[in-house]
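The tour below moves from one selection to the next.

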Amino acid sequence: MARIIARTKVKPPGTPTVTALSTSELRAVFTAPAGFNIASFLPQFSFDGVIWETLATSTTGTVSRAGLNPNTRGYFRAAAVDAVGSTSAYGTIASAFTDAS
């Protein structure tokens, strides 16, 4: 008789902290949801919060997006991937502006 083990659905990361690194770069830091062994994050960036570009997978929870113009608003969100490969929904969106010139 096979034994069925119920799995808990992976929760999305918390709201990222987004900061300007310069006039052309933003950084987002994502935190793992409590109680989950998160292996990586699948971050995305957007100029308008509607159309998203996928950034490189992060195992640290920190990502950046360079090549922006001064005083440009950028939005970040991410999904979390646990140690067995289950992926959460995308989490809360946060944004910031690059530094003005």
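Start with strand β3, residues 38–46. Of its 9 residues, 7 are buried, so the strand is largely enclosed by the rest of the structure. Keep in mind throughout that this is a predicted model.

**The whole chain**

Zoom out. The chain has 7 strands and 0 helices, so the secondary structure reads β-β-β-β-β-β-β along the sequence. The C-alpha trace spans about 65 × 25 × 20 Å along its principal axes. Of the 101 residues, 38% are buried. Take the contacts between residues at least 6 apart in sequence: 61% of them join residues at least 24 apart.

**The sheet**

Select β4, β3, β6 and β7. These 4 strands form an open sheet in that order, with antiparallel pairing. Its edges are β4 (53–54) and β7 (94–97), each of which pairs on one side only.

Show proline 43; opposite it in β6 stands alanine 78.

Pick arginine 73 and look across: its bridge partner in β7 is phenylalanine 97.

Return to β3 and move to its other partner, β4. This antiparallel pair has 2 bridges. Phenylalanine 45 stands opposite glutamate 53 of β4.

**The salt bridge**

How many salt bridges does the count come to? The count is 1. Show the side chains of glutamate 53 and arginine 65: their closest N and O atoms are 3.0 Å apart. Glutamate 53 sits in β4 and arginine 65 in β5 (residues 62–65), so the pair ties together parts 12 residues apart in sequence.

Glutamate 53, at 30%, counts as partly exposed. The cut-off for buried is under 20%.

**Surface and charge**

Keep the surface on and colour by element. The chain exposes about 5,900 Å², and carbon and sulfur atoms supply 53% of that area. Finish by colouring the charges. There are 8 positive and 5 negative ones, and their mean positions are 14 Å apart.

Conventions:
Residues numbered from 1 in each chain as written. Predicted model: local features only at pLDDT ≥ 70, side-chain atom pairs only at ≥ 80, totals over all residues. Heavy atoms only, no water. Pairing = 2+ DSSP bridges. Buried < 20%, exposed > 50% of the residue type's maximum accessible area, 1.4 Å probe, protein only. Salt bridge = Lys/Arg side-chain N within 4 Å of Asp/Glu carboxyl O. Contact = heavy atoms within 4.5 Å. Areas by Shrake-Rupley, 256 points an atom, 1.4 Å probe, with all protein chains shown as cover. Lys, Arg positive; Asp, Glu negative; His and termini not counted. Charge placed at Lys NZ, Arg CZ, Asp CG, Glu CD.
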